[in-house]
Amino acid sequence: MDVEVSWSGLPGMSFVATTGSGHMLCMDGAPDGGGNNLAPRPMEVVLAGTGACTAYDVVLILRKSGQDVRHCKVKLTSERAEEAPKVFTKINFHFQVIGRGLKPNLVDRAIKLSHEKYCSASAMLGKTAELVFTHEIIED
């Protein structure tokens, strides 16, 4: 997996990443750090990627389990260290899993499997952060 990140130059702190799969992603800094607030912060992108990684797993596992999953949303809230490097120290993952006749034990299992086996992003962040997982099931 490869990514190239380029600074757009003065003025500002905007960056464009081009992924190995040919997609582009923009990132920017906060105004107090020289940015123009035109795009997400790099650490927001890390958090978003982690949420997408685990939600992807949960949906895939539920589908393979024969569950009629219609929608999955995960809200991540985090805390970071005060001093540099400001690593994540705690991340709460709250899943909303929407479907028809979803079995709670299979939803629990899917979230657990994602965290313990499949999601490489949460596995990495779990080295510095306490990870907390909660969920709710909503009937569609």
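Is Asn37 buried, partly exposed or exposed? In this predicted model, in which local features need a pLDDT of at least 70, side-chain atom pairs count only at pLDDT 80 or more, and totals for chains, interfaces and linings use all residues, Asn37 is partly exposed, with a relative accessible area of 47%; here buried means under 20% relative accessible area, exposed means over 50%, and partly exposed lies in between, with a 1.4 Å probe and protein chains only. Residues are numbered from 1 along each chain as its sequence is written, and side-chain values use heavy atoms, with hydrogens and water left out.

The chain has 3 helices and 6 strands, where helices (H or I, at least four residues) and strands (E, at least two) are DSSP runs numbered from the N terminus. Read from the N terminus on, the order of the elements is β-β-β-α-β-β-α-α-β. Along the principal axes, the C-alpha atoms of the chain fill a box of roughly 55 × 35 × 25 Å, and 30% of the 140 residues count as buried. Among contacts (heavy atoms within 4.5 Å) with a separation of 6 or more, 52% are made by residues 24 or more positions apart.

Several backbone features fall in the loops. Most residues other than glycine have a negative phi, and most peptide bonds are trans. Asn37, placed in the loop between β3 (24-27) and α1, has a positive phi of about 55° although it is not a glycine. A cis peptide bond, with omega about -10°, joins Leu10 and Pro11, and Pro11 is found in the loop between β1 (3-7) and β2 (15-19). The peptide bond from Ala84 to Pro85 is also cis, with omega near -5°, and Pro85 lies in the loop between β4 (68-80) and β5. Just after α1, Gly66 takes a positive phi of about 80°.

Helix α1 has 23 residues and reaches 33 Å from its first C-alpha to its last, close to the 33 Å expected at 1.5 Å a residue, the expected span being 1.5 Å times one less than the number of residues. The buried residues of α1 are Leu47, Thr50, Gly51, Thr54, Ala55, Asp57, Val58, Ile61 and Leu62, and what covers them includes β4, β5, α2 and α3. The C-alpha atoms of Ile61 and Ala30, 31 residues apart along the chain, are separated by 37 Å.

For helix α2 (residues 104-118), the 15 residues should span 21 Å at 1.5 Å a residue, and the end C-alpha atoms are 20 Å apart, which agrees. Leu106, Val107, Ala110, Ile111 and Ser114 are the buried residues of α2, and their cover includes α1 (42-64), β5 (88-100), α3 (120-125) and β6.

Two packed helices are described by the angle between their axes and the distance between the axes. Helices α1 and α2 pack at an angle of about 130°, with their axes 9 Å apart; axes are lines fitted to C-alpha atoms, for helices over the stretch in contact, and angles run from 0 to 180 degrees between N-to-C directions. That angle makes α1 oblique to α2, since angles under 35 degrees count as roughly parallel, over 145 as roughly antiparallel, 65 to 115 as roughly perpendicular and the rest as oblique. The contact is made by Thr54, Asp57, Val58, Ile61 and Leu62 of α1 and by Leu106, Val107, Arg109, Ala110, Ile111, Leu113, Ser114 and Tyr118 of α2.

In strand β6 (residues 130-139), which holds Glu136, this residue is partly exposed, with a relative accessible area of 31%. Leaving aside neighbours within four places in sequence, Glu136 is in contact with His94, Phe95, Gln96 and Val97. The side chain of Glu136 makes a polar contact with the side chain of Gln96 at 3.3 Å, a polar contact being a pair of N or O atoms within 3.5 Å of which, within protein, one must be able to donate a hydrogen and the other to accept it, while residues adjacent in sequence count only if both atoms are side-chain atoms.
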